[in-house]
Amino acid sequence: TFTGLQEDEFYLYNHIKFTITYREEPNEFEGVRIIGFDAHPVSIDYRKEGEIKSLTQDTNLEAAGKADGFSGCQADSSPINDPESYLKLRSGSSGEPLNIGFSYEVHWQETDIAWADRWDVYLVGSPDDEIHYFAIVNSLMIVVFLTGAVATIMIRTLKKDIAGYNEMQTIEEAQEETGWKLVHGDVFRPPQSYPMLLCVLVGSGAQIGSAFFATLFASMLRMLNPIKKGQALTAVVVLYVFCGVIGGYVSARLYKFCDAKAWKRNTIATALAFPAVIVSMFMVLNIFLRIVGAATAVSFLTVFFIFLLWGCVATPLVFVGSYFGYRADKIEVPTKTNQIARFIPEVPYYAAPPISNIIAGMLPFGSVCIELFFIMSALWLHQLYY
């Protein structure tokens, strides 16, 4: 960084000011509770005052009875950061050792902040902070530009077909289907391979999405406290369990649309597939945490309760949702599906999966990650958020 000096200078913070805030409330609890603390570093050169010369290495001022004569330990004064008194990391001309004196001071300050609100200081910005509207508008303009670019490409691609349809003179010509309109006869065709996998993934996604939006709605209603991170996580797990009805219903209706017959297997797979993957990963990580003795390791009782939620609540609710899904009418599509599937021509290797999946997802993933980072940084002013 630019210091404005002809040569860069290095300084050392050798004095720390500790401010500890506490609260006393005899009617609620005994003793005092530490609400917070602040550490302010100060650089002060004791050599200019000649105090460091009378000390030897590893001298404890309080134990040696010299604290009263030391300027950094006076009760009526406190060192401040002054460029004239900064401690420069320089040794003598002949390279003799640099003696450094370290000191600290502690100030106790009573506060009215409750123990439950001690973390609010990290959620509130400074009074002079302003929301970075430029970053938000910039992100929105990029999204609008990308949307316009995609719309322009689509219009230019379909312009010739649309012009041909507008110039049709006879009913026979209007009934003739050419170009991109031929897709409507195959777009609603049920998958011929792995229909159960599609139904399980869609049902699990509907369950996760429902739990996610339910959690957001509960947060908007102030039902969840952002300070209590465990409360939000518990709400997500509980809502995911109760949204098993939605997952089972969506999976069953889609499976019925595919004209598949193994509905029992589909229901069981919907109830067990995604939770089994998550629980397996969780158990493996928890085993390693228990081996190293980490404080974040989950107890056996908590794991047992998770299995109870999964087996006694989530799975039965998925079966209930599947029951109503199979009893519902089959999904009706707006167009008629052709009896014979159209031939799909071969495509180059870069346009076929999995390369096409990677290429197609790189731009949206990069745009979303970058723009979301800027938006969150602007809205939360680079403060901590949960």
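Predicted model: local features only at pLDDT ≥ 70, side-chain atom pairs only at ≥ 80, totals over all residues.

Visitor: Why are helix 4 and helix 7 called oblique to each other?

Guide: The two helices pack at an angle of about 50°, and their axes lie 9 Å apart. Angles under 35 degrees count as roughly parallel, over 145 as roughly antiparallel and 65 to 115 as roughly perpendicular, with the rest oblique. Helix 4 and helix 7 are therefore oblique. The axes are lines fitted to C-alpha atoms over the stretch in contact, and angles run from 0 to 180 degrees between N-to-C directions.

Visitor: Which residues make the contact between helix 4 and helix 7?

Guide: Helix 4 brings Met196, Cys199, Val200, Ser204 and Ile208, while helix 7 brings Arg265, Asn266, Ala269, Thr270, Ala273 and Phe274. Contact here means heavy atoms within 4.5 Å.

Visitor: What makes a group of residues a nonpolar core?

Guide: Its members are buried Ala, Val, Leu, Ile, Met, Phe, Trp, Tyr and Cys residues joined through side-chain atoms within 4.5 Å. Buried means under 20% relative accessible area, exposed over 50%, and partly exposed in between, using a 1.4 Å probe on protein chains only. The largest such core has 9 residues: Met196, Cys199, Val200, Ala252, Leu254, Tyr255, Phe257, Cys258 and Tyr326. Helix 4 (195–220) and helix 6 (244–257) each give two or more of them, and helix 6 supplies the largest share, 4 residues.

Visitor: What does Tyr326 touch beyond four places away in sequence?

Guide: Tyr326 touches Ala252, Tyr255, Lys256, Trp263, Asn266 and Thr267.

Visitor: How do you know that strand 1 and strand 3 pair?

Guide: Pairing needs at least two bridges found by DSSP. Strand 1 (residues 15–24) and strand 3 share 8 bridges in the parallel sense, so they pair. Along that pairing, Thr21 stands opposite Gln109 in strand 3.

Visitor: Why are strand 2 and strand 3 at the edges?

Guide: The open sheet has 3 strands in the order 2-1-3, with mixed pairing. Strand 2 (32–42) and strand 3 (103–110) each have a single partner strand, so one side of each is left without a neighbour in the sheet.

Methods:
Residues numbered from 1 in each chain as written. Heavy atoms only, no water.
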